[in-house]
Protein chains: 4
Amino acid sequence: MYELKVGVIGTGAIGRTHIQRLTNQVTGARVTAVSDINQEIAQKIASEYDAKYYEQGEDLIEDPDVEAVVICSWDPTHEKYVLAAIRAGKFVFCEKPLAETAEGCRHIVDAEIASGKHLVQVGFMRRFDMGYRSMKAQLSSGKFGAPLMAHCVHRNATANAQYETKVNVTGTAIHEIDIMRWLMDDDIVAAKIVQPRVSKYVAQGQKDPQIIVLQTASGAIIDVETFMHCQYGYDIQCEIVGEEGTLRLADPTQLSIRRGGKCSFDILQDWRYRFADAYHVEFQSWVDHTKKGIVDGPNAWDGYAAIAVSDACLKSRDTGKWEPVIMDTIPEFYQK
Amino acid sequence: MYELKVGVIGTGAIGRTHIQRLTNQVTGARVTAVSDINQEIAQKIASEYDAKYYEQGEDLIEDPDVEAVVICSWDPTHEKYVLAAIRAGKFVFCEKPLAETAEGCRHIVDAEIASGKHLVQVGFMRRFDMGYRSMKAQLSSGKFGAPLMAHCVHRNATANAQYETKVNVTGTAIHEIDIMRWLMDDDIVAAKIVQPRVSKYVAQGQKDPQIIVLQTASGAIIDVETFMHCQYGYDIQCEIVGEEGTLRLADPTQLSIRRGGKCSFDILQDWRYRFADAYHVEFQSWVDHTKKGIVDGPNAWDGYAAIAVSDACLKSRDTGKWEPVIMDTIPEFYQK
Amino acid sequence: MYELKVGVIGTGAIGRTHIQRLTNQVTGARVTAVSDINQEIAQKIASEYDAKYYEQGEDLIEDPDVEAVVICSWDPTHEKYVLAAIRAGKFVFCEKPLAETAEGCRHIVDAEIASGKHLVQVGFMRRFDMGYRSMKAQLSSGKFGAPLMAHCVHRNATANAQYETKVNVTGTAIHEIDIMRWLMDDDIVAAKIVQPRVSKYVAQGQKDPQIIVLQTASGAIIDVETFMHCQYGYDIQCEIVGEEGTLRLADPTQLSIRRGGKCSFDILQDWRYRFADAYHVEFQSWVDHTKKGIVDGPNAWDGYAAIAVSDACLKSRDTGKWEPVIMDTIPEFYQK
Amino acid sequence: MYELKVGVIGTGAIGRTHIQRLTNQVTGARVTAVSDINQEIAQKIASEYDAKYYEQGEDLIEDPDVEAVVICSWDPTHEKYVLAAIRAGKFVFCEKPLAETAEGCRHIVDAEIASGKHLVQVGFMRRFDMGYRSMKAQLSSGKFGAPLMAHCVHRNATANAQYETKVNVTGTAIHEIDIMRWLMDDDIVAAKIVQPRVSKYVAQGQKDPQIIVLQTASGAIIDVETFMHCQYGYDIQCEIVGEEGTLRLADPTQLSIRRGGKCSFDILQDWRYRFADAYHVEFQSWVDHTKKGIVDGPNAWDGYAAIAVSDACLKSRDTGKWEPVIMDTIPEFYQK
């Protein structure tokens, strides 16, 4: 089978996972080049996977042996690498965020439109999770009427030392922002944060949990509990309430245990396990569609919209009010 | 066994249920008198249960053959009958609302304090539901840390023709208002309504569903989805999120069915079935404690607090903002 | 309300529970007399409940102040007391077993037929459990086709010191024997015990768990796992497999807990809690029907049939083979 | 990456699925040759996948461009092809059954031992299912004590026109036979079939459902309900009962739906979906281990044991008795 030659920028934890995935689990792709500012690790990985090493991501992008690019470097570098890939006319998969600001995303959107070709996919892997996909299929059947509300929960057992208040939006609820836009096929037009009592497990000065409330263009209300220090595990919940019924993600579990006076199942402790299948499907789909010259997943406009909503959330933290999502009209280029 | 002689004011649907319950299910009580403005039905019931009939509730209250009073008449009459019972020095169980306004409730509170004796119980039956009671026991154990958030859902299949927008607060969320005060042992200090897109099943000009957000004195945030036209059934959900874990009401179900490609359980269609046991426990407890001269359930202050919170919710509907709960300091008489 | 005057023979643990139940939870009944060989306890209870004390059960039965009799004395005495009650023409509720042998049960059946009146009810409380009742209602709807199989589980955390191998049949599976005859509306015609490896928690020489396999007249096969030392709790499971779908009892639970890496619910530790509601409904129904002069619950023939099946099980333990249930044809008196 | 060159014998439904899987989902393998008696289909597939076509499976096996062989041809041909692969010294994956008779399997076992090298893997894919693997991990932890019983259910919505009574054993329970040997790490020493009433959906003269009871060397009892016409879906259940607790497979589901008075999840209609992940893991593991020269999955001895137990089941159908599993002692070559 023809193997797509992929260059990966960023060989940190996620980068290495993606390199491993593209090599051993996804079919039809081969990692031909890697790049990272941490030269030592990147070179080791390059030799391990029989790939070239580039100090500069831009050089990797220009290598004729790289047909498509995966970006999982430090967030502030996403924008420049995606722009470089567009300039080189190469398909590019960029981990979220597409850029750190809405303006940055807008630059990418403009560059892609100018290039005349869809090239950019953003790493919102939940769109490839079977649960959410079943949910979308059910919603599309019309049997549930219009979606009126959604209740989401996004909990982590514990956050790392770098935890900051804004992470509940920028690193966490951003997944719900994207998946809700996609599930409801609706734009988010306003956002508000409601701040509950802070858990004793949160570092002084930081705020967790947070409840993020979103309003869509059609008037649906989405509430998202984000709780980065819930202690008990990694737990993603989602219920969509339609006019004629509700849809809820089932808990991921293989085994029901009766022992010591309890009937229980184990809760996953880590997002890696929760969406392992989704990552796999996402990359396989990206490789397959890239070979066909198509972008089929979340695109640059989705990346831009997510940041625009995220900005409104962050502003609401400061103002304590509903904040409108400030966002351009969708260009014809991205309309379905 | 000695039988408490109970007079029931109001022989509508709920009144008849309570008369039947006191007679046939609760032990140690007997309905000795009934009263209702609908003379025909009330007399029929009086004769059926071998009880006296009174045209005026006040006369029933003064009958020496009535030791304790149950009020389930038209809402606007609650206040005067409760006051009359306090004047008569008789124990009184009043269906919610205790009075239609916070001022009305305050009159009752003042009268009870002046009487020097606890006499009033309000019909918040959920405090007697085994699920909520288990939840409270677990919370009290300390194993879940402080409660930070609660997510509640209160759905009815369909509302009757009299449905009005305010019912989501006054007839519906009022149950969550009381049970949350009790579960969290905390006062609600502010309220806000978020209005989602309205279901197509709702009459022109009315608003349903509604999301009611409450803040407690300790900073916990409670969100309550109220949806009176959800089509599929009567559905009460509640999850409390503590610093170290969460507690969620289980769905009430007896049977799991596999048939026609689905594994399912039936959802109750009516609140009567959902809280049938709670009503039973509530009245048995009221009879038992009344005989001992004690008020053990939700008291006049709880009735007052519920209306005060309800008022803040209704005001938030008009202003679109967080509204503080306007409420007096708890008198020593009601402190635990 | 008119109160049925009940005499209770046997004031051990179960007897006291029934006396308390008849007095405080069931309406329309009063315990007027008690009897027990343990004179001290019985007299204490008599004085506590303001009832007469009789040394001899037969004397209690003949007391004109006793309208109906509850028998929860030592198993070997059941037969003689039931026969005495029939002779006295009084309604009698007898805890299982109706008699210790099929012959003993047959004497009761014959005496009842000779008396010309239905008087005897046997304490198979599961027929009053809402789960089993829902199951029967669903089966009767015809939507599940003919029942072909049933899988039952009956587990106790631990057995007491008197535990003997035969208890898995006589004290345990006997409940499944009765409930299955009732649910399937079918007689059990053959039985076989399959002996698994014995748990290390079982006393030397005794056998637990045991799998009891039953065949009905229509050919349905019922397997019952009985496990008296399962360590983790009291657990009753039942699935009926019909031609077009299956019905399974839901686990009894009020609360779902997420904590410490697990999502769990508590398993009951004791049969008293599992069937508390069923006991209540059973006795209320017995009192109500006795007042109307009707036996509506499991009758003497059901008590006889259960022992006949139990005998076949015990015989199969010895022979290692399928053993036919040796049982007379149902007399017209008991046909529906 | 180096790609293992695989020849596939049998291009029926399962064969085509495996070819597709090896090509598009499994990494590190390539289908280089196919063979089938249906020349037309096989040639079409050969050209589609750019593989050679062989009329004779033996010729495919001898092709130097075939490093490893997958056998999914007609059952009666399995034995000869596996023997040919062993003669050729090539790794071979054979769909169950390894051979149609225990004698046939024994020939393979003897040939493999004579070859001095482990080459044969049998297609018992459940060993690669995450649910069963979690179960085995838990059992191995020792926290559940010794396994005493297992309750298994294996239901299909409907069987095809060729359905025969023996299929419940040879095509159905054979999966439970293997997975139970593996989970319990124990041999099955005796078997018995209990025949329930036959469903009205079963063709005249055939028998379904069937309950297959198995006894292991350590005395554990396994009951397997096989029901090929259960109407409602494909349903695999398994509970293992240990001395200190139980383990049960969770239902595979992504979505919980509330609509029309019911809370439900969809039951899979087809085994292909139920074990899709297991098939993937199985083949990836086979390819990976074959490259390392290791057999890591169910081996020839497991294939032999499954047929020996299956034979005892079939014999029990005729005799109506417990039948011992007639099986040789495990050769040193297969001991762990």
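This note sets out points on the chain contacts, strand pairing and backbone geometry of a predicted model.

1. The contact between chain A and chain B. This contact draws 38 residues from chain A and 39 residues from chain B. Together the two chains bury about 2900 Å², and carbon and sulfur atoms account for 57% of that area.

2. Where the side of chain A that touches chain B comes from. The elements of chain A that give two or more residues to this side are β7 (147-155), β8 (188-194), β10 (221-227), β11 (235-242) and β12 (245-249). The largest share comes from β7(A), with five residues. By residue class, the side of chain A that touches chain B holds 17 nonpolar, eleven polar and ten charged residues.

3. The contact between chain C and chain A. Here 15 residues of chain C meet 15 residues of chain A. The buried area is about 1300 Å², and carbon and sulfur atoms give 47% of it.

4. A salt bridge links A:Lys262 with C:Asp266, where the closest N and O atoms are 2.9 Å apart. Polar contact is counted for twelve residue pairs between chain C and chain A, with both residues at pLDDT 80 or more.

5. Where the side of chain C that touches chain A comes from. At least two residues each are supplied by β11 (235-242), β13 (255-259) and β14 (262-266) of chain C. Of the elements of chain C, β14(C) gives the most to this side, with five residues. The residues on the side of chain C that touches chain A comprise four nonpolar, five polar and six charged.

6. Strand pairing between chain A and chain C. Strand β14 (residues 262-266) of chain A pairs with β14(C) in the antiparallel sense, over five bridges. Within this pairing, A:Phe265 has C:Cys263 as its bridge partner in β14(C).

7. Strands β1 and β2 of chain D. Strand β1 (residues 4-9) of chain D runs parallel to β2(D) and is joined to it by six bridges. The bridge partner of D:Ile9 in β2(D) is D:Ser35. Strand β2 (residues 29-35) of chain D is mostly covered, with six of its seven residues buried.

8. Cis peptide bonds. In chain A, the peptide bond joining A:Lys96 and A:Pro97 is cis, with omega about 0 degrees. A:Pro97 lies in the loop between β5 (91-94) and α5 (102-115) of chain A. In chain D, a cis peptide bond joins D:Lys96 and D:Pro97, again with omega about 0 degrees. D:Pro97 is in the loop between β5 (91-94) and α5 (102-115) of chain D.

9. Positive phi at B:Asp50. Although B:Asp50 is not a glycine, its phi is positive, at about 60 degrees. B:Asp50 sits in the loop between α2 (39-48) and β3 (52-54) of chain B. B:Asp50 counts as exposed because its relative accessibility is 71%, and the cut-off for exposed is over 50%.

10. Positive phi at C:Gln231. C:Gln231, a residue other than glycine, has a positive phi near 75 degrees. Its place is in the loop between β10 (221-227) and β11 of chain C. With a relative accessibility of 27%, C:Gln231 counts as partly exposed.

Note on methods: Residues are numbered from 1 along each chain as its sequence is written. Chains are lettered from A and ligands numbered from 1 in the order in which they are written. This is a predicted model: local features need pLDDT of at least 70, side-chain atom pairs count only at pLDDT 80 or more; totals for chains, interfaces and linings use all residues. Side-chain values use heavy atoms; hydrogens and water are left out. Contact means heavy atoms within 4.5 Å. Buried area is the accessible area (1.4 Å probe) that two parts lose on being put together, summed over both. Helices (H or I, at least four residues) and strands (E, at least two) are DSSP runs, numbered from the N terminus. Ala, Val, Leu, Ile, Met, Phe, Trp, Tyr, Cys and Pro count as nonpolar, Asp, Glu, Lys and Arg as charged, and the others, Gly among them, as polar. Buried means under 20% relative accessible area, exposed over 50%, partly exposed in between (1.4 Å probe, protein chains only). Two strands pair if DSSP finds at least two bridges between them. A salt bridge is a side-chain nitrogen of Lys or Arg within 4 Å of a carboxyl oxygen of Asp or Glu. A polar contact is a pair of N or O atoms within 3.5 Å; within protein, one must be able to donate a hydrogen and the other to accept it, and residues adjacent in sequence count only if both atoms are side-chain atoms.
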